Amino acid sequence: PMLAESQDVHSARLMLGESGREEFQVVVDGDLEQAIYPELVEASSGISIALGPDAKGKGMRWLIEGQPGDEAIIALDLAAADRRRMVTWTVAPSPAQPPRGSSPDIVGIVGDDRVLE
């Protein structure tokens with residue numbers, strides 16, 4: 001789930017899996033019919049205009065790249081004047097020894113159109 005930083009800015013953390021790549025959309029209240037997605041396939045942070053929320057973004061996802069175990073901090077800024085900056089992220093190197101059994105907070109959809117919580 002996303003955490004509210006302010007009325008318009010929300011954030012979430014995502015740990016990159018074994019491939020070091022994660023694709024995602026942002027969904028409103030877990031509803032796939034209300035997705036926010038990039039105009040371009042596999043868009044990088046700040047590059048593609050954010051579209052939606054609607055059901056027209058099938059297959060359109062942002063792509064985060066890094067090393068396995070890296071942590072991405074995803075930001076959703078609903079007040080961004082430039083819609084390319086509405087969904088952005090930074091990637092931090094993985095900690096030396098992540099705690100066992102911990103699971104990252106996930107935002108939106110990853111991979112095969114399943115909603116993650």
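Predicted model: local features only at pLDDT ≥ 70, side-chain atom pairs only at ≥ 80, totals over all residues.
**Close-up views of an all-strand chain**

View 1. H10 belongs to strand β2, which covers residues 9-15. Once residues up to four places away in sequence are set aside, the contacts of H10 are with M2, L3, A4 and E5 and also with I74, A75, L76 and L78.

View 2. The side chain of S11 is joined to the side chain of E5 by a polar contact of 2.5 Å. Leaving out residues up to four places away in sequence, S11 touches P1, M2, L3 and E5, together with I74 and A75. Among the residues touched by H10 are M2, L3, E5, I74 and A75, and each of these is also in the contact list of S11.

**View 3. The open sheet of four strands.** Strands β1, β2, β8 and β9 form an open sheet in the order β1-β2-β8-β9, and their pairing is antiparallel. The edges are formed by β1, residues 3-4, and by β9, each of which pairs on one side only. Between β8 and β9 the antiparallel pairing extends over 6 bridges, and A75 has T88 of β9 as its bridge partner. A75 is also one of the residues in contact with H10.

**View 4. The largest nonpolar core.** This core holds 16 residues, of which F24, I36, W62, I64, I74, V87 and W89 touch the most other members. Two or more residues each come from β7 (62-65), β8 (71-77) and β9 (87-92), and the largest contribution, 3 residues, is made by β8. In soluble globular proteins, nonpolar side chains tend to be buried together.

**View 5. Surroundings of Trp89.** Which residues is W89 in contact with, leaving aside its neighbours within four places in sequence? They are F24, A43, S44, S45, W62, L63, I64, I73 and I74. Of these contacts of W89, F24, W62, I64 and I74 are also listed among the core residues that touch the most other members.

**View 6. The open sheet of three strands.** A further open sheet has the strand order β4-β5-β6, again with antiparallel pairing. Because β4 (26-28) and β6 (50-54) stand at the edges with a single partner strand each, one side of each is left without a neighbour in the sheet. From one strand to the next, the twist averages 20°. Strand β5, residues 31-38, runs antiparallel to β6 and is joined to it by 3 bridges, and within this part of the sheet A35 stands opposite D54 of β6.

**View 7. The chain as a whole.** The chain contains 11 strands and 0 helices, so that its pattern along the sequence reads β-β-β-β-β-β-β-β-β-β-β under the strand and helix assignment used. Of its 117 residues, 34% count as buried. Among contacts in the chain with a separation of 6 or more, 58% are accounted for by residues 24 or more positions apart.

Terms used: Residues numbered from 1 in each chain as written. Heavy atoms only, no water. Core = buried A, V, L, I, M, F, W, Y, C linked by side-chain atoms within 4.5 Å. Buried < 20%, exposed > 50% of the residue type's maximum accessible area, 1.4 Å probe, protein only. Contact = heavy atoms within 4.5 Å. Pairing = 2+ DSSP bridges. Polar contact = N/O pair within 3.5 Å; in protein donor to acceptor, adjacent residues only side chain to side chain. Axes fitted to C-alpha atoms, helices over the stretch in contact; angles between N-to-C directions.
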